[in-house]
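Welcome to this short tour of a protein model. Take a moment with the sequence and the 3D view, and then read on for a guided walk through them.

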Amino acid sequence: MPHTKRTEEQLLLFFYNELNEKERRAMQLHLEQCSTCRQQLEQLQSMRAKLVDTPRITPAEELLLRLNRRVMLEIGDRHSARFAGLRQFIEDVRETLSEALAQPRYQLVAASLTFVIGLYIGRLWFADAGQPATGGLADLVRNNYTLTEGESNDMQKLIAAYLLNTGGLRIENLRPVENGTAGSKQIALKLKMEDDLALKGDLMDPTIQRMLMYSARHDQDAERRQMAVQLLAGLPQNTGVSATLAAVLVHDTDEEVRLLALRKLASRDLTDQTIDAYKLAAMRDPNPTIRRMALERLARNADEQLIPVLVLITTRETDEELRMLAQRTLEKITVKSNVVK
Amino acid sequence: MEKAEIELIEKIQNGDKMAFGKLMERYGERVMGLAFHFTRNCQDAEDLYQETFLRVYRNLSSFRFESEFYTWLYRILANQAFNLYNKRKRMSYADPGEGDYLWDTLPADAEDEADQATFRTSLREQIDHALRQLSAQQRVVFVLKHYEGKKIRDIAVLLDCTEGTVKRYLFRATRRLQAILAES
């Protein structure tokens, strides 16, 4: 097949995997003879490699909830919009407090919270019967769940009453204060919690796991991040853990922590997310040891999907040994692919 | 189409607005991902997301289950992307051919600024820049091919045009991107 304008178009279709078997074979034969097309194909692969290197777009759940709420409001379903907010609010409260409050010590507090949330729901429900609700949960949701002073006071009183009864709280100061209205007095109490909130649980405890995942990704102290990674690695195969380790590998600023995350990831099953993390680490980690280890891990399960990354490494990597490794892996994939064909 | 999906759409067609919330939960992530690829800008992606779902809601009564629901949704998303693009173009002072330099004047988002020093970001900036140089049609076709892995014939159905047209947009987009990325 001679090199014509049509061949160039066929080459693009070949690159995009849009040719039928016969056309594909013809193009492969042509590529063996035509250096212009081979060069074109390399350039196309290099472009794809650049596109592969951009991070996967995953919108935050909160963003989608916010946008969905706006759409629901727009289509005139104030009920659903509000209840979407309500669901989110309850979910937030539940996530943050439920496990801590599940301890016997805090069960009454949990009941109090349920009561307070119930009050909000009641207010919203009744307010909606007539005009659009003002105040109550609707406002709470609109104001990013900020409690009004009165609501915050009510909640604190309920919690304080329980802690006082169980001995978790002591009164530090007690004094009468004027509230501005003639003849009316209020009592100001300053309360002190006996202990800071502390958690204890084994590794299988979901709250502990969540705290460890948070620590691994966001803790300011690198040693604690490292410890969290170490502990999380003790958990059985679990998508959450792999995702956390992958995030640490890509984002952590401390190379010791990244290295540890990479080592711990090595014994886990590959997922799309961990493959992406390996690719990014292999291409851009400042530490050549991490780049090498990531590349070796990818090379163990090398397939055609890896070609763009390998091409990029062979052209951009400064470490010769790594370039050679990428080159060898590329050749391995090509041989494997030819055998299959 | 899945039975659950059909039931959900029928509920919305019968006036159940709550069911529409569930439909958004089901497709939200995919629509947002694609909206971002089309616009390469967070604010525009949010606008595109909302406009798409509003349009879906308003037109769902005309959906007759003759195609996959997601194909129908994609088509609306692509059309909204064209509309948004044209709106932006009208607002721009100069129209440099097929390019859309207005978007280049918008500030980079915070995430980009934070990552500026890294290789990934500079690459991402190059790609954002390069994609913004494409016309709306070229960009939509390119994104559907590259990021969604759609076949040319499916893109043609989705955009209601011939395969030849899709190929033309795809070829131009590819050559243009190649040239821009090679320069940078």
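Predicted model: local features only at pLDDT ≥ 70, side-chain atom pairs only at ≥ 80, totals over all residues.

Helices here are DSSP runs of H or I with at least four residues, strands are DSSP runs of E with at least two, and both are numbered from the N terminus. Residues are numbered from 1 along each chain as its sequence is written, while chains are lettered from A and ligands numbered from 1 in the order in which they are written.

**The two chains**

Chain A holds 16 helices and two strands, whereas chain B has ten helices and zero strands.

A residue is called buried if 20 or more other C-beta atoms lie within 10 Å of its own, exposed if 12 or fewer do, and partly exposed in between, with C-beta atoms placed from the backbone. By that count, 25% of the 341 residues in chain A are buried, and 34% of the 184 residues of chain B are.

Two residues are in contact if their C-beta atoms, placed from the backbone, lie within 7 Å. In chain A, residues 24 or more positions apart account for 50% of the contacts with a separation of 6 or more. In chain B, 62% of the contacts between residues at least 6 apart in sequence join residues at least 24 apart.

**Where the chains meet**

How many residues of chain A are in contact with chain B? There are 27 of them, touching 33 residues of chain B. On the chain A side, the elements that give two or more residues are helix 1 (5-15), helix 3 (35-52), helix 4 (61-74), helix 5 (78-101) and helix 13 (272-284). Helix 4 of chain A gives the most, with seven residues.

For residue classes, Ala, Val, Leu, Ile, Met, Phe, Trp, Tyr, Cys and Pro count as nonpolar, Asp, Glu, Lys and Arg as charged, and the others, Gly among them, as polar. The side of chain A that touches chain B has 15 nonpolar, four polar and eight charged residues.

**Helices side by side**

Two packed helices are described by the angle between their axes and the distance between the axes. Axes are lines fitted to C-alpha atoms, for helices over the stretch in contact, and angles run from 0 to 180 degrees between N-to-C directions. Angles under 35 degrees count as roughly parallel, over 145 as roughly antiparallel, 65 to 115 as roughly perpendicular and the rest as oblique. Here are two pairs to look for.

| Helix pair | Angle | Axis distance |
|---|---|---|
| Helix 9 (residues 152-159) and helix 10 (residues 163-183) of chain B | about 105° | 8 Å |
| Helix 13 and helix 15 (residues 307-316) of chain A | about 10° | 10 Å |

Helix 9 of chain B is thus roughly perpendicular to helix 10 of chain B. Their contact is made by B:I152, B:R153, B:I155, B:A156 and B:L159 of helix 9 and B:E163, B:V166, B:K167 and B:L170 of helix 10. By class, it has six nonpolar, no polar and three charged residues.

Helix 13 of chain A and helix 15 of chain A are roughly parallel to each other. Here A:K279, A:A282 and A:M283 of helix 13 meet A:V309, A:L312 and A:I313 of helix 15. These residues divide into five nonpolar, no polar and one charged.

**Cores**

A nonpolar core is a set of buried Ala, Val, Leu, Ile, Met, Phe, Trp, Tyr and Cys residues joined through C-beta atoms within 7 Å. The largest has 48 residues, and those with the most contacts inside it are B:A35, B:Y49, B:L77, B:A81, B:V140 and B:V141. Leaving aside neighbours within four places in sequence, B:L77 is in contact with B:V31, B:L34, B:A35 and B:T52. Apart from that core lies another of 37 residues, among them A:M213, A:Y278, A:M293 and A:L295.

**Residues to find**

Most residues other than glycine have a negative phi. A:N17 has a positive phi near 55°, and A:N17 is exposed, with 9 other C-beta atoms within 10 Å.
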